[in-house]
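Please look over the chain shown here before reading on.

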Amino acid sequence: MIFKKKNIEVEQEFDVNATLENDKEAGGALRTFTGKTGVIISGLLLVLALFAVYVNSLINIQEIYRNGIFLTFILVLTFLLYPATKKSSRTKITVVDYIWAIFGFAGGAYILINYSNIHSVKLSEPTTIDYIFAAITLIVLLEVSRRTIGLFIPILSIFALFFALYGPWFPGIFGHAGFSFERLLYRLYMTTEGIFGMTFSIATTYIVIFILFGAFLNASGATRLFNDLALALAGQRRGGPAQVAVLSSALTGMLSGSAVANVATTGTFTIPLMKSIGLKPRFAAAVEATASTGGMIMPPIMGAAAFIMAGFLGVGYNVIVLAAIIPAVLYYSALIIAIDIEAKKQGLKGISKDNIPDVMDVIKKRGVLILPIIVVIVTLLTGFTALFAGFAGIGACIVASWIASFIEKDKSSAIGIKSMVAALIEGARGSIQVAVACATVGIIIAVITMTGLGSTLAYNIIQISGNNLAIILILIMITSIILSMGLPSTALYIVVAVAAAPALIEAGVNPIAAHFFVFWFGALSNITPPVALASYTAAGIAKADAMETSWTAVKLCLPGFLLPFMIVYNPALVMQTSATGFDAVLEVAFAFTTSILGVFALSTAVFNFFKVEFTWLERIPMIAAAILLIIPELITSAVGLVIIIVIMTIHLARAKKLVAQTN
């Protein structure tokens, strides 16, 4: 990190021939290569990126063939880039890896060559050789999943396979007739309802294009703009570096949508800044972890979950983006309030003006780099497809980088051919983990569909709870957090969407609110002990105790744990209302206003401070006010508002008296 007068920035390097850094979510380091091996692997990544651009723009290719080619690339590249274990070589590809890669290539190539033959000539009656290649591909996919996203999804997938095969062995409500091994292989490998299903189709279209958009936006210098802009806007405020962390992580989260990657990217910049003004290491790490976790629910990308959510719900992508705006604002507002309260308690100040870049100077020099995000949002809101918006955003990145380079008189910052190739390679590399997750989870989705497990779970959760919505929500909250622990954003959303969301919808919850509820708690698993990957990553940077950091993050994010309940009870927060026209605007505005007041009440009560420490007679009514403001009724909201006004009036008067006595 380099500190300069009027500017603070972080130096980063990108090497095209070395697939660079630690894999942020699986926990293992990717291999790095030099020489011919590096060139070949970079070449394969480049071809994959160009293929994704080509099939999503210039030609209309049948879904199974697009997915099959993409999966073949992914299976081969994973064994070249991801070591088998933490002890495996990070610079050499082993013979075993090459054997796995050959099997992966064979499995992908076989379905490409024989798909038409299986369905038109064999009339969907596969032969033994078809089943053999299906089994090989599934085994390879499970190993690929283990290397890229850890053990949980492969174990869950294997359990799903056993559940489908041995249904009669399972007790009670979980028992079913069972399926033959041949039928299961056919469904998973030879149709578009298994590993080549909807989730993988979304990965090979919308997700990969937006990952490429993120890579181009990063290449344009937008990440540095976000850091400098956050520093300029919030650096001098009370507890400024913590506010910078929130803003920077929110902006960066719009691109990555990965809590752990966000921590690793922005945390190296923000955590030392927070510690420099006196914040405790565990609190600095907790701030970064909670702020980065919010990136997963930050529109427009939401960790690629937005695309899959739109597919599951059968609505336009722009509907999901609009729905995410108010929850994201509420989440980050709660964080800023909590941080400000903590800064007041500790008497902390901001960063010296000499070390803060000028806002107008930042905007004049590089403000144009926000243009691509504006282009994406505008194209989505005006009715264009997500694919069009992604391509428009990529084009805007290139144009904006050239405009910024002209303004700064620095041609090296413009995206030329070399930078374009680097962005394509980085985008292709970034798509591997997401694509693997989407393909592997296809096994689980297929089994749930075949066995009717989703409907069974939904029905029984409702029965166990006595059809009490509050109990259902608590059960689904716990389920979503447990199922999501250690998973990247795309995988965790798919798992909770198929396993937990149906119960909420069955209970009468608005479908969009239900999916936001389960995804939100899935995202919060990143800071929830015992498997709190974002908290642990931030603790490592801050040199703080990991478990203490996790619990501090949970406390800091307590209003964030309340927000999903607010969404369910008041779907207007996700733009779901039965009203129309101006009445709908009023309903959404009312919901937002009462929610922000509830967030304020809960934050001050949790941190037990505003001007001075609360007494219990002040703290308990503030908690009650927060709960009343959750309920979307005019009377309860009015009562909650009156309580806040009365308690804050008493508190401010008491604080003024204490200050006078001190002086």
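What follows is a briefing on a predicted model, beginning with the overall chain and then turning to helix α13.

**The chain as a whole**
- The chain contains 28 helices and two strands, and its radius of gyration of 25 Å is close to the 26 Å that the globule rule gives for 663 residues, so the chain is as compact as a globular protein of that length.
- Along the principal axes, the C-alpha atoms occupy a box of roughly 90 × 65 × 50 Å, and 56% of the 663 residues count as buried.

**Helix α13**
- Helix α13 spans residues 317-346, and its 30 residues reach 43 Å from the first C-alpha to the last, which is close to the 44 Å expected at 1.5 Å a residue.
- Because 22 of its 30 residues are buried, α13 is largely enclosed by the rest of the structure.

**The nonpolar surface patch**
- A nonpolar patch on the surface is formed by L322, I325, V329, I377, L381 and M575, which together have about 420 Å² of accessible area.
- Helices α13 and α15 (371-381) each supply at least two residues of this patch, and the largest share, three residues, comes from α13.
- V329, which is placed in α13, counts as partly exposed because its relative accessibility is 36%, between the 20% and 50% cut-offs.

Key. Residues numbered from 1 in each chain as written. Predicted model: local features only at pLDDT ≥ 70, side-chain atom pairs only at ≥ 80, totals over all residues. Heavy atoms only, no water. Helix = DSSP H or I, 4+ residues; strand = E, 2+ residues; numbered from the N terminus. Expected span 1.5 Å × (residues − 1). Buried < 20%, exposed > 50% of the residue type's maximum accessible area, 1.4 Å probe, protein only. Patch = residues over 30% accessible without salt bridge, like charges linked within 9 Å, V, L, I, M, F, W, Y side chains within 5 Å. Areas by Shrake-Rupley, 256 points an atom, 1.4 Å probe, with all protein chains shown as cover. Salt bridge = Lys/Arg side-chain N within 4 Å of Asp/Glu carboxyl O. Rg over C-alpha atoms; globule rule 2.2 N^0.38 Å.
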